[in-house]
Amino acid sequence: MSFDDPIDRFGTHSVKWDMMETLYDVPKGQGLAMWVADMEFRPPACVQKALTDMTDHGVYGYYGDDRAYLDAICWWMRERHGWEVEREAIFTTHGLVNGTALCVDAFTAPGDGVVLLTPVYHAFARVIAAAGRTVVSCPLAQVDGLYAMDFDAWDAQMTGSEKMLILCSPHNPGGRVWTAEELRGVAGFCRRHDLILVSDEIHHDLVFPGHKHIPMPVAAPDIADRLVMMTASTKTFNIAGSHTGNVIIPDPGLRERFGARLAALGISPNSFGLRMAEAAYSPEGAEWVDRLMAYLNENRRMFDETVNAIPGLRSMPMEATYLAWVDFAGTGMPAEEIITRVEKQGGIATNYGPSFGPGGETFLRFNIAMPRAMIEDACARLTDVFADLQ
């Protein structure tokens, strides 16, 4: 396959494309969907083959004997991330939003505070509030144009009602790859304030050259007694519709509590997602990811070069993910005018910065995981709608 191949997703029940006109009033024939975080690429052939084998067989019964699936996860984490995972530590959820909600349910009580380092992935706050818990926003600092931890400020915020911290590593939407020192700082913060640490590492495979993701248990092994890891093949291989994620818990006591909630809620995974994940976590899948990241790196270069050439716009340097976080504060324009230009005049659907919490007010998030021609189109549109600034 070629990442340059265009794929028409209209009429496929795609949230990203089929809901764009309804939600953004961007006409089907004119719009460019750069909002939902899935890619415009087919997954590797090994994943497609796993599904074809299932449909060729034609019987879709209950899934059993998950040893090969669990072994594939363990292999991937060891080979790609230097992280040894025990089979017994792995739980499968219906994606990581579901995994987040289950963690909140299992390890906190109504009224408890859950700490978020904002701005951050918007679904976290949504499930926390829906569960009757309190979102505690700890704003990230900006140092040399990048997000940074601010532990002194956050220490001063804590009241003792907080029971959990959810970390996004690598960071969405800012694209930071946290250093080992920063990760140890988060671990220390959680220990000081007696917090369960939920580390969402769904973007851990999508790291650009010159940067290296470090799993939390590798950076801070001493935090294992209060650590919950969340990973998934879905973001890496563009199979989000399988709704399959992994919650990996090193500590037996936390493991027992989480397993009890899954049992009480009757949650079990679907066989399609398990087969896709097992196929993806393979040498063929690894080769595909390496090619993907080389392609995305050029998309990143082109997009950032264009955005940063427009006076008043700044794309935060992207160390990981495929999500560009663009600050429009330098234009001095109100948010309504920015959205009018990008969305109504440019026909580009993006995620609005305020949905990511405090600190996101002047930003828009752009998904650059698309064929190069679409990136060129997006760049031309942005240049055109802000031509008066140049």
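The conversation below sets computed values against definitions.

Guide: This is a predicted model, in which local features need pLDDT of at least 70 and side-chain atom pairs count only at pLDDT 80 or more, while totals for chains, interfaces and linings use all residues. Residues are numbered from 1 along each chain as its sequence is written, and side-chain values use heavy atoms, with hydrogens and water left out.

Visitor: Why is S14 called buried?
Guide: Buried means under 20% relative accessible area, exposed over 50%, and partly exposed in between, with a 1.4 Å probe and protein chains only. S14 has a relative accessible area of 6%, and is therefore buried. S14 is placed in the segment before α1 (15-18); helices (H or I, at least four residues) and strands (E, at least two) are DSSP runs, numbered from the N terminus.

Visitor: What makes a polar contact with the side chain of S14?
Guide: The side chain of R9 does, at 3.5 Å. A polar contact is a pair of N or O atoms within 3.5 Å; within protein, one must be able to donate a hydrogen and the other to accept it, and residues adjacent in sequence count only if both atoms are side-chain atoms. With residues up to four places away in sequence not counted, S14 touches R9 and M19, where contact means heavy atoms within 4.5 Å.

Visitor: What makes a set of residues a nonpolar core?
Guide: The set consists of buried Ala, Val, Leu, Ile, Met, Phe, Trp, Tyr and Cys residues joined through side-chain atoms within 4.5 Å. The largest such core has 102 residues, and L165, L167, M216, F303, F366 and F386 have the most contacts inside it. Helix α13 (residues 283-308) supplies the largest share of this core, ten residues. A second, separate core has 26 residues, including F124, M230, I249 and L254.

Visitor: Which residues is L165 in contact with, leaving aside its neighbours within four places in sequence?
Guide: L165 is in contact with V115, L117, V186, F189, C190, L195, I196, L197 and V198.

Visitor: Why is the aromatic pair of F107 and F258 called stacked?
Guide: Rings of Phe, Tyr and Trp (its six-membered ring) pair if their centres lie within 6.5 Å, and planes under 30 degrees apart count as stacked, over 60 as edge-to-face and the rest as tilted. For F107 and F258 the values are 6.3 Å centre to centre and 20 degrees between the planes, and the pair is stacked. The pair links distant parts of the chain, with F107 in helix α5 (residues 96-107) and F258 in helix α11 (residues 252-265), 151 residues apart. F107 is buried, at a relative accessible area of 6%, and F258 counts as buried because its relative accessibility is 0%.

Visitor: What makes W325 and F363 a stacked pair?
Guide: Their ring centres are 4.6 Å apart and their planes are at 5 degrees, so the pair is stacked. W325 lies in strand β12 (residues 323-327) and F363 in strand β15 (residues 363-367), 38 residues apart, and both residues are buried.

Visitor: How do you know that R300 lies over the face of F208?
Guide: A charge sits over a ring if NZ of Lys or CZ of Arg is within 6 Å of the ring centre and within 35 degrees of the ring normal. R300 lies over the face of F208 at 4.2 Å from the ring centre, and R372 lies over the face of Y295 at 4.1 Å from the ring centre. Y295 also belongs to an aromatic cluster, with F3, F41, W75, W76, F237, Y281 and W288.

Visitor: Why are β11 and β14 called edge strands?
Guide: Two strands pair if DSSP finds at least two bridges between them. The open sheet has four strands in the order β11-β12-β15-β14, with antiparallel pairing, and β11 (314-315) and β14 (351-352) each pair on one side only. Five bridges join β12 to β15, and the bridge partner of W325 in β15 is R365.

Visitor: Why is D144 called exposed, and H243 partly exposed?
Guide: D144 has a relative accessible area of 76% and is therefore exposed, whereas H243, at 47%, is partly exposed. D144 lies in the loop between β5 (141-143) and β6 (146-148), and H243 in the loop between α10 (234-237) and β10 (245-248).
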